[in-house]
Amino acid sequence: MSETKSFLVLNRHAPYASNFAKEALDVALMSAVFNQKTSLLFMDDGVFQLVRSQDPSEIQHKNCSQTLPMLEMYEVRHIYVDEISLNERGLSEEDLVIPAQRVNAQEISQLLTRQHVILNF
Amino acid sequence: MILHTINKSPQNPALKTCLRVAAKDSAILLIEDGVYAALPGPDLEALLQHKVYALAPDIKARGLLEKLSPQITLVDYSGFVALVEQYDTVQSWY
Amino acid sequence: MKFSLAIYGAPCSSQAPDTAYYFAKAALASGHDIYRLFFYMDGVQNASRLATPPQDEQNIPARWSELIKAHNIDAVVCIAAALRRGVLDKSEADRYEKDANNLADGFNLSGLGQLIDAGIESDRLITFGC
């Protein structure tokens with residue numbers, strides 16, 4: 001591997017209605033496998049991916065939220081959530097299945113600027 | 001510096017969220033249904049705080065050539081390529 | 001510059017395949033290199049050879065195949081995403097005992113690591129979302 005870059009996986013879609021959540025998480029884990037500096041940011045309806053107590057057994061779908069703790073096993077520790085997206089949806093930190101750092105618009109702006117590659121889902 | 005592309009109409013949260021987090025020095029390129037943001041609307045003023053480009057073939061396809069704000073610069077696909085070259089990263093809002 | 005394109009939209013339900021195609025052509029015409037085209041999520045449908053649109057509409061997979069061959073571009077279709085959506089090459093069709101395969105000329109099935117590699121090795125990675 002020639003170099004290390006910073007990769008941000010930006011998630012803006014709710015789980016289950018589409019495959020975005022699942023396929024984005026695969027990308028984040030792959031970025032970690034490639035030893036890249038990997039971060040995740042959840043915004044807009046993407047924050048719904050983080051909601052605890054998901055149980056898609058009756059729609060026969062894999063539980064996306066159960067895969068999220070794997071990020072820590074892969075040493076992906078930079079997980080951010082947009083506080084305005086949370087607030088707009090009536091969610092707070094206690095609703096989340098994994099710890100995520102709340103960030104405001106200015107912090108998101110800086111986070112985006114620091115990336116070599118932004119992978120959008 | 002970031003080039004933001006938006007391919008959804010202003011009714012989608014993509015535009016508002018982009019405008020909320022886009023740094024002042026970043027440019028915004030409207031493509032596909034994103035070009036509808038070039039029409040007069042509630043978000044146009046905030047949009048025009050940035051350097052704004054729109055993909056001409058998408059503007060033309062949708063019949064917006066006569067309607068778009070004069071502060072928006074039209075580019076063709078090679079102009080899109082030049083913008084990608086000019087900015088460090090591309091952030092695609094869709 | 002070295003560009004890579006990540007394409008997530010399918011023909012018919014998204015304009016992403018068109019935008020990505022014209023971007024790729026313009027990049028090549030401007031003297032840039034395409035390090036990789038990476039088709040992921042519903043974008044894997046860009047690689048279905050069996051798409052048969054009417055003659056007065058673009059055949060998107062055929063158009064990609066021509067561009068890929070003319071410029072010797074590395075065009076990778078995510079294998080997991082493709083198998084899920086029924087885009088198979090001959091060896092996958094044989095492996096899963098399917099009665100047909102449909103991966104168009106010039107495309108290759110490979111892993112998601114190729115997307116990360118494209119991000120590492122390219123000067124710019126541009127996402128064409130749906």
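Predicted model: local features only at pLDDT ≥ 70, side-chain atom pairs only at ≥ 80, totals over all residues.
Residues are numbered from 1 along each chain as its sequence is written, and chains are lettered from A and ligands numbered from 1 in the order in which they are written.

**Where the two helices meet**

- Helices here are DSSP runs of H or I with at least four residues, strands are E runs of at least two, and both are numbered from the N terminus.
- The axes are lines fitted to C-alpha atoms, for helices over the stretch in contact, and angles run from 0 to 180 degrees between N-to-C directions.
- On α4(B), the contact is made by B:Tyr77, B:Ser78, B:Phe80 and B:Val81, and on α1(C) by C:Tyr22, C:Phe23, C:Ala26, C:Ala27 and C:Ala29; residues are in contact if their C-beta atoms, placed from the backbone, lie within 7 Å.
- These residues divide into 8 nonpolar, 1 polar and no charged, where Ala, Val, Leu, Ile, Met, Phe, Trp, Tyr, Cys and Pro count as nonpolar, Asp, Glu, Lys and Arg as charged, and the others, Gly among them, as polar.

**Where chain C touches chain A**

- This contact takes 12 residues from chain C and 16 residues from chain A.
- On the chain C side, α5 (113-121) and β5 (124-128) are the elements that give two or more residues, and α5(C) gives the most, with 5 residues.
- By class, that side of chain C has 8 nonpolar, 4 polar and no charged residues.

**The sheet of chain B**

- Follow the order β4-β3-β2-β1-β5 to trace an open sheet of 5 strands with parallel pairing; strands pair if DSSP finds at least two bridges between them.
- β4 (73-75) and β5 (89-93) of chain B stand at the edges with a single partner strand each, so one side of each is left without a neighbour in the sheet.
- From one strand to the next, the twist averages 25 degrees.
- Inside the sheet, β2 (residues 27-30) and β3 (residues 51-55) of chain B pair in the parallel sense over 4 bridges, and B:Ala27 has B:Lys51 as its bridge partner in β3(B).

**A look at B:Gln71**

- You will find B:Gln71 in the loop between α3 (56-61) and β4 of chain B.
- B:Gln71 counts as exposed because it has 11 C-beta neighbours inside 10 Å; the cut-off for exposed is 12 or fewer.
- Leaving aside neighbours within four places in sequence, B:Gln71 is in contact with B:Leu48 and B:Val52.

Terms used: Contact = placed C-beta atoms within 7 Å. Buried ≥ 20, exposed ≤ 12 C-beta atoms within 10 Å, placed from the backbone.
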